[in-house]
Amino acid sequence: MSDRALLMTAVKAADDKRAEDIMVLNMKGISLIADYFIICHGNSDKQVQAIAREIREKAEEQGYSIKRMEGFDEARWVLIDIGDVVVHVFHKEERSYYNLERLWGDAPIENVQSELN
């Protein structure tokens with residue numbers, strides 16, 4: 001599967017669990033860590049965990065291996081490393097505090113909303 005297919009698998013999984021303000025940053029040429037960062041948030045610990053769990057399950061169903069998942073038990077900032085795609089699932093307050101969108105402000109934003117509808 002392509003990077004784009006993996007990206008959309010994770011985005012759709014987050015959307016299925018009602019993740020809010022899903023943003024995709026194209027990190028190609030900016031970061032050696034991943035090609036895409038997905039940033040989203042949930043409004044409660046349970047929702048953050050549900051979003052992270054759904055992303056993990058859907059990625060594994062498609063044959064991707066999760067390289068690392070951190071922060072799941074605390075449910076404040078869950079990082080899911082799926083190789084070329086790294087997902088950041090925040091609790092709402094932590095997202096505004098860490099503001100990764102500003103930190104990586106030079107990364108182009110990918111429009112994935114049209115593919116969700």
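A: Phe-90 has a relative accessibility of 0%, so this residue is buried (under 20% relative accessible area; over 50% is exposed, in between partly exposed; 1.4 Å probe, protein chains only). This is a predicted model, in which local features need pLDDT of at least 70, side-chain atom pairs count only at pLDDT 80 or more, and totals for chains, interfaces and linings use all residues. Residues are numbered from 1 along each chain as its sequence is written, and side-chain values use heavy atoms, without hydrogens and water.

Q: How is a pair of aromatic rings described, and how are the rings of Phe-90 and Tyr-98 arranged?

A: The distance of the centres and the angle of the planes describe a pair of aromatic rings. Rings of Phe, Tyr and Trp (its six-membered ring) pair if their centres lie within 6.5 Å; planes under 30 degrees apart are stacked, over 60 edge-to-face, and the rest tilted. For Phe-90 and Tyr-98 the centres are 6.3 Å apart and the planes at 25°, so this pair is stacked. Tyr-98 is partly exposed, at 40% relative accessible area.

Q: Which residues form an aromatic cluster?

A: One cluster consists of Trp-77, Phe-90, Tyr-97 and Tyr-98.

Q: What is the size of the largest nonpolar core?

A: A nonpolar core is a set of buried Ala, Val, Leu, Ile, Met, Phe, Trp, Tyr and Cys residues joined through side-chain atoms within 4.5 Å. The largest one here has 30 residues, and Ile-55 and Val-89 are among those with the most contacts inside it.
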